Amino acid sequence: MPMLRADQLLSRFGFCSRRESSAWLHAERLSAAGVIIDRPEKRIDPTSVLVDGKPLEFPEGMLLAYHKPTGVTCSHNPSEAPLIYDILPPAWMRRQPPPETIGRLDKETSGLILLTDNGAFVHRWSSPRHETAKTYEVTVDADIPPDLVAIFASGTLLLDGESKPCRPATLTLTSPRTATVRLLEGRYHQVRRMFAAHSLTVTRLHRSGVGALTLDGIPEGTWREVQPVDIDGP
Ligand code: URA
């Protein structure tokens with residue numbers, strides 16, 4: 001973890017602005033190894049600093065798996081509230097940069113969404129080149145024709161308004177109206193639109209996995225810190 005100037009650290013971890021940091025330092029609120037840090041230019045290791053006697057949360061950056069309930073929006077637009085960013089602890093949202101979702105789930109989709117404050121992680125797991133599989137549990141409004149399995153796998157399925165076909169996807173029927181879908185890409189409303197292309201309306205959509213990571217042990221509405229290897233696999 002890179003060392004940070006004391007004033008940068010206070011703003012990076014959301015305690016105050018760099019301008020306000022001198023008051024924090026003057027008040028002797030920062031220490032490391034029992035020594036008070038009172039100079040803004042003093043370089044410190046975020047993993048060993050104490051602010052008001054407490055270690056930093058996620059001193060090396062955040063990577064979280066959140067079990068999103070339906071009805072919550074992955075957006076910053078207040079007109080689309082309730083927003084995922086209003087549910088996270090306000091102290092996290094004051095960090096610079098704050099956490100953001102890696103990709104999005106629709107308001108009416110539940111399930112696994114990753115959050116991070118690391119731009120490289122956003123790129124890594126949202127880039128189609130990285131080929132991270134996303135697994136969805138789907139319920140539709142009519143019986144799924146069995147030939148849809150081959151159509152999803154064919155790499156020829158065209159979404160309304162697009163000219164590039166979807167990449168091959170795995171469709172596994174679990175009952176006449178339910179299925180598991182595994183995708184290697186993440187286009188806008190992709191699962192709903194893939195079924196709509198065959199006149200089926202998705203009535204329930206839940207993302208159960210991203211790469212090797214599942215929601216096991218993460219109840220709805222809660223989150224857990226994860227490591228890159230949990231997503232990429234061993
Ligand atoms: N596909 C959709 O249609 N919606 C989602 O939220 C995710 C994938």
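In this predicted model, a backbone N or O atom of His 189 lies 3.1 Å from an oxygen atom of the ligand.

| Residue | Protein atom | Ligand atom | Distance |
|---|---|---|---|
| His 189 | backbone N or O | oxygen | 3.1 Å |
| Val 191 | backbone N or O | nitrogen | 3.1 Å |
| Thr 109 | polar side-chain atom | oxygen | 2.9 Å |

Taken alone, the ligand exposes 240 Å², and the protein buries 96% of that area. The ligand sits in the largest pocket, and the residues around it include Leu 105, Asp 106, Tyr 136, Gln 190, Arg 192 and Leu 205. Helix H7, which covers residues 190–196, supplies the largest share of the shell, namely 3 residues, while domain 2 (63–128 + 212–232) and domain 3 (133–210) each contribute at least three residues.

The backbone also deserves a careful look. Most residues other than glycine have a negative phi, and most peptide bonds are trans. Against that background, a cis peptide bond joins Ala 81 and Pro 82, with omega at about 5 degrees, and Pro 82 belongs to the loop between strand S7 (63–68) and helix H3 (84–87). Another cis peptide bond links Gln 96 and Pro 97, with omega at about 0 degrees; here Pro 97 is found in the loop that runs between helix H4 (90–93) and strand S8 (100–101). Ala 33, although not a glycine, has a positive phi of about 50 degrees, and Ala 33 lies in the loop between strand S2 (30–32) and strand S3 (35–36).

Key: Residues numbered from 1 in each chain as written. Predicted model: local features only at pLDDT ≥ 70, side-chain atom pairs only at ≥ 80, totals over all residues. Heavy atoms only, no water. Near = heavy atom within 4 Å. Polar contact = N/O pair within 3.5 Å; in protein donor to acceptor, adjacent residues only side chain to side chain. Areas by Shrake-Rupley, 256 points an atom, 1.4 Å probe, with all protein chains shown as cover. 1 Å grid on protein atoms, 1.4 Å probe; cavity = no way out; pocket = protein on both sides within 12 Å on 5 of 7 lines; lining within 4 Å. Sits in = over half its atoms within 2 Å of the grid points. Helix = DSSP H or I, 4+ residues; strand = E, 2+ residues; numbered from the N terminus. Domains from an automatic or database assignment.
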